[in-house]
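Student: I am new to this structure and would like a close look at a single part of it. Could you walk me through that part and how it sits in the whole?

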Amino acid sequence: SADKAADTLKRLRPATATDCCRRDLARDLITDLRRLDRAIKDNESQMRDAVDASQTTLTELPGIGIVLAAKILGHV
């Protein structure tokens with residue numbers, strides 16, 4: 001997880017300039033990962049709201065969750 005990676009990164013003590021660069025790159029990747037995690041959660045929330053607003057019963061069918069129901073409704 002991003003939190004576990006950040007905790008591990010905090011304990012690292014770079015010895016060389018290359019190590020510092022690698023740490024900075026890892027920090028940037030963790031920031032990107034957290035941003036993407038937030039975007040995914042926001043997207044799932046929007047899909048759930050859209051599916052609920054459509055009053056569809058698609059999600060009652062076995063194997064059809066919110067994401068698939070939203071995709072089907074989007075195509076229809």
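Student: How many helices and how many strands are there in the chain? Please then take me along helix H2.

Tutor: Happy to! This is a predicted model, in which local features need pLDDT of at least 70 and side-chain atom pairs count only at pLDDT 80 or more, while totals for chains, interfaces and linings use all residues. Residues are numbered from 1 along each chain as its sequence is written, and side-chain values use heavy atoms, with hydrogens and water left out.

The chain has three helices and zero strands; helices (H or I, at least four residues) and strands (E, at least two) are DSSP runs, numbered from the N terminus. Helix H2 covers residues 17–54, which is 38 residues. From its first C-alpha to its last, H2 reaches 56 Å, close to the 56 Å expected at 1.5 Å a residue (the expected span is 1.5 Å times one less than the number of residues).

Within H2, Ile-30, Met-47 and Val-51 are buried, meaning under 20% relative accessible area with a 1.4 Å probe, protein chains only. The buried residues of H2 pack against helix H1 (2–11) and helix H3 (66–75), where contact means heavy atoms within 4.5 Å. Just after H2 comes Gln-55, with a positive phi of about 55°.

Now for the whole: buried residues make up 14% of the 76 residues in the chain. Its C-alpha atoms fill a box of roughly 60 × 20 × 15 Å, taken along the principal axes.

Definitions and conventions: Buried means under 20% relative accessible area, exposed over 50%, partly exposed in between (1.4 Å probe, protein chains only).
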